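Have the sequence and the 3D view open as you read.

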Amino acid sequence: VQADTICAVCNVYNVSNSELYPCRICTRVYHEQCLNKLGECKEGATPELLYNAKNFRWSCPKCENIHFLLYEDEMQELIDNFDQLDIDQDSTVTLEEYMKATKAQYEKEGESWSDVEEKYHQEKFRLMDKNSSGTLDWWEFLNAEAVKKLAKRDKETLLSMLTNREIERARDAFQTIDLDKDGVITVVEAKRTFSHWFSKLLGKHYWNVDKVEQELPGHVEYHIHYLMLSDGDRKGILTWDEYLLDNALYFISCRPNVVQNH
């Protein structure tokens with residue numbers, strides 16, 4: 001999928017020999033100064049953002065804000081939920097605030113609160129905190145909750161939301177596992193692929209052959225099981241159509257950018 005040749009903001013190809021930065025989701029491209037005008041280059045994020053954009057690892061403002069896919073009433077519900085969590089109204093939610101408000105909601109609905117719920121919601125908070133700052137800002141909360149709303153849509157609707165570039169990247173991922181390139185993934189192909197990937201990954205992590213051999217089967221079997229859940233008729237063969245349809249929500253959830261705190 002070819003990128004556009006003019007900036008999505010100023011509609012100009014070249015401004016003072018400045019570079020055009022492409023979005024990894026759609027075909028839009030942007031000048032650095034135009035990103036500045038949109039407020040995208042701020043708070044020390046500029047170098048990482050531009051590096052990622054140059055290397056096709058960046059989503060443009062129109063693509064990364066997946067809340068644009070929500071209905072108006074869904075959006076209002078999320079606004080109200082965030083206000084409820086943000087007890088001190090400072091536009092961020094701490095773990096303490098999150099746990100306090102969540103526990104209060106359990107009590108209001110007459111549900112029990114145990115150590116299991118405590119650990120579950122602590123982990124949920126950690127996963128939403130994309131930049132590991134220890135707090136949730138509005139955008140982190142919104143993107144995480146938007147995915148939950150989208151998960152209630154039927155798979156065909158989610159599939160229709162994918163861009164051509166996302167479908168292209170999904171096909172590349174599929175073909176790395178489809179070793180004989182016949183258009184389907186078998187359990188044998190998945191096992192060979194995951195065994196290769198995780199043996200290299202675990203080898204870098206442990207530097208110990210015995211430890212790698214001990215850990216490898218569990219990682220491989222887990223990912224084979226997760227992948228083959230998309231096999232609708234459970235025949236042990238995953239087609240391209242099944243893979244794309246079942247993973248559409250995942251690809252949409254990957255759109256938001258993450259700028260790490262350093």
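Start at Asn65. This residue sits in the loop between helix 3 (61-64) and helix 4. The model is predicted. Is Asn65 buried or exposed? Its relative accessible area is 16%. Buried means under 20%. Asn65 is therefore buried. What does Asn65 touch beyond its neighbours within four places in sequence? Its contacts there are Trp139 and Asn143.

**Helix 4 and helix 7**

Move on to helix 4, which spans residues 72-85. Helix 7 covers residues 138-150. The axes of these two helices come within 10 Å. They cross at roughly 135 degrees. Helix 4 and helix 7 are therefore oblique to each other. The crossing of helix 4 past helix 7 is right-handed.

Which residues make this contact? Helix 4 supplies Glu74, Met75, Glu77, Leu78, Ile79, Asn81, Phe82 and Leu85. Helix 7 answers with Trp138, Phe141, Leu142, Glu145, Ala146 and Lys149. By class, the residues of this contact are 9 nonpolar, 1 polar and 4 charged.

**Thr163**

Now find Thr163. Its place is in the loop between helix 8 and helix 9 (164-177). Thr163 and Cys26 are 137 residues apart in sequence. In space, their C-alpha atoms are 6.3 Å apart. Which residues does Thr163 contact, leaving aside its neighbours within four places in sequence? They are Ile25 and Arg255.

**The whole chain**

How many helices and strands does it have? There are 12 helices and 6 strands. The chain holds 262 residues, and buried residues make up 39% of them. Take the contacts between residues at least 6 apart in sequence: 58% of these join residues at least 24 apart.

**Confidence**

The mean pLDDT of the protein chain is 88. Of its residues, 90% reach 70 or more. Which elements have the lowest and the highest mean pLDDT? The table gives both.

| Element | Residues | Mean pLDDT |
|---|---|---|
| Helix 2 | residues 46-54 | 65, the lowest among the elements |
| Helix 8 | residues 155-161 | 97, the highest among the elements |

How values were computed: Residues are numbered from 1 along each chain as its sequence is written. This is a predicted model: local features need pLDDT of at least 70, side-chain atom pairs count only at pLDDT 80 or more; totals for chains, interfaces and linings use all residues. Side-chain values use heavy atoms; hydrogens and water are left out. Axes are lines fitted to C-alpha atoms, for helices over the stretch in contact, and angles run from 0 to 180 degrees between N-to-C directions. Helices (H or I, at least four residues) and strands (E, at least two) are DSSP runs, numbered from the N terminus. Angles under 35 degrees count as roughly parallel, over 145 as roughly antiparallel, 65 to 115 as roughly perpendicular and the rest as oblique. A crossing is left-handed if the near helix is turned anticlockwise from the far one by less than a right angle, and right-handed if clockwise. Contact means heavy atoms within 4.5 Å. Ala, Val, Leu, Ile, Met, Phe, Trp, Tyr, Cys and Pro count as nonpolar, Asp, Glu, Lys and Arg as charged, and the others, Gly among them, as polar. Buried means under 20% relative accessible area, exposed over 50%, partly exposed in between (1.4 Å probe, protein chains only). pLDDT is the predictor's confidence in each residue, from 0 to 100.
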